[in-house]
Amino acid sequence: MSINTITLSGRLVAAPELRYTTNGTAVASGRIAVDDGYGEQKKTYFFDYNAWTHTAEYMAKYAAKGTPVTISGKLTQQTWQTQNGENRSKTVITVQEVVLPPKTNTVGAGDLDSPYQDNPYGEEITFDDSDLPF
C-alpha cells in the first residue's frame, strides 16, 4: 500500500501564474511559503505547486501574493534535461483542493466580483485525476 497526500497551510510567495496547455487546459503554478516553529527557531520552507483546470483558474482569480492558503494534493516529480544534456528534477505539489480564507470586504457590500458573497468561507474546489492532461 502506498499513500501520497500532502496538506500545507501558508502564504503564496507570488500571485499564481496562469497559463494554458496547447489543448486549452488551465494550469497555475507558483510557490507557497510555510512557517515551522517560532521565535529564533522559526524556519520558512518553500514548496512549488501546480493547480489544474478549474482550481487553476480559481486560484489565479482570487489569490495574490501573500494570500493565506491551504492546499491539499499529492507530491509529483518533474524531470527534464538541460540544453547541456544534464538531467534535472524537482518535487512539485499537484493541488487537488484549495481553501482560501474568508475575504474581508474592504470595498463594500456591493463587491459583486467576490467569491464570498453567499459563502463567507470561500469556495472549495476539488478535482479528480481524470482532469489532469497526463
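**Notebook: core, helix and charged pairs**

I started with the largest nonpolar core, which has 19 residues; those touching the most other members are Leu-8, Tyr-49, Val-69, Ile-71 and Val-98. Two or more residues come from each of strand 1 (6-12), strand 3, strand 4, helix 1, strand 5 (68-81) and strand 6. Strand 3 gives the largest share, 4 residues. I noted beside this that in soluble globular proteins nonpolar side chains tend to be buried together. The model I am reading is a predicted one.

**Entry: Leu-8**

Which residues does Leu-8 contact, leaving aside its neighbours within four places in sequence? I found Ile-32, Val-34, Phe-47, Val-69, Thr-70, Ile-71 and Ile-93. Val-69 and Ile-71, two of these partners, are also among the core residues that touch the most other members.

**Entry: overall layout**

I then stepped back to the whole chain. The protein has 1 helix and 7 strands. Read from the N terminus, the order is β-β-β-β-α-β-β-β. I noted 134 residues, of which 32% count as buried. Among contacts with a separation of 6 or more, 56% are between residues 24 or more positions apart. The exposed surface comes to about 8,900 Å², and carbon and sulfur atoms supply 48% of that area.

**Entry: helix 1**

Helix 1 covers residues 53-62, and Thr-53 lies in it. I looked up the backbone at Thr-53 and found phi near 50°, a positive value in a residue other than glycine. Thr-53 has 17% relative accessibility and therefore counts as buried, the cut-off being under 20%.

I searched for aromatic pairs next. How many does the structure hold? I found 1 aromatic pair. It is made by Tyr-58 and Tyr-62, with ring centres 5.3 Å apart and planes at 55°, so the pair is tilted. Both tyrosines lie in helix 1, 4 residues apart, which is about one turn of the helix.

**Entry: Pro-16**

Pro-16 is in the loop between strand 1 and strand 2 (17-20). Its relative accessible area is 10%, so Pro-16 is buried. Pro-16 and Ala-60 are 44 residues apart in sequence, yet their C-alpha atoms are 5.3 Å apart in space. Leaving aside neighbours within four places in sequence, Pro-16 contacts Ala-28, Ser-29, Tyr-49, Met-59, Ala-60 and Ala-63. Tyr-49, one of these contacts, was on my core list as well.

**Entry: Thr-94**

Thr-94 is in strand 6. At 2% relative accessibility, Thr-94 counts as buried. I checked what its side chain meets: a polar contact of 3.2 Å joins it to the side chain of Thr-76.

**Entry: salt bridges**

Asp-48 forms a salt bridge with Arg-31, with the closest N and O atoms 2.9 Å apart. Asp-48 lies in strand 4 (residues 43-52) and Arg-31 in strand 3 (residues 26-36), so this pair ties together parts that are 17 residues apart in sequence. Arg-31 has 38% relative accessibility and counts as partly exposed.

Asp-48 also forms a salt bridge with Lys-90, where the closest N and O atoms are 3.5 Å apart. Lys-90 lies in strand 6 (residues 87-99) and Asp-48 in strand 4, so the parts tied together here are 42 residues apart in sequence. Lys-90 counts as partly exposed, at 34% relative accessibility. I therefore logged Arg-31, Asp-48 and Lys-90 under one item, as they are linked in a network of salt bridges.

The next pair is Asp-35 with Lys-42, whose closest N and O atoms are 3.4 Å apart. Asp-35 counts as partly exposed at 47% relative accessibility, and Lys-42 counts as partly exposed at 44%.

Definitions and conventions. Residues numbered from 1 in each chain as written. Predicted model: local features only at pLDDT ≥ 70, side-chain atom pairs only at ≥ 80, totals over all residues. Heavy atoms only, no water. Salt bridge = Lys/Arg side-chain N within 4 Å of Asp/Glu carboxyl O. Buried < 20%, exposed > 50% of the residue type's maximum accessible area, 1.4 Å probe, protein only. Contact = heavy atoms within 4.5 Å. Areas by Shrake-Rupley, 256 points an atom, 1.4 Å probe, with all protein chains shown as cover. Polar contact = N/O pair within 3.5 Å; in protein donor to acceptor, adjacent residues only side chain to side chain. Core = buried A, V, L, I, M, F, W, Y, C linked by side-chain atoms within 4.5 Å. Phe/Tyr/Trp six-rings, centres within 6.5 Å; stacked < 30°, edge-to-face > 60°.
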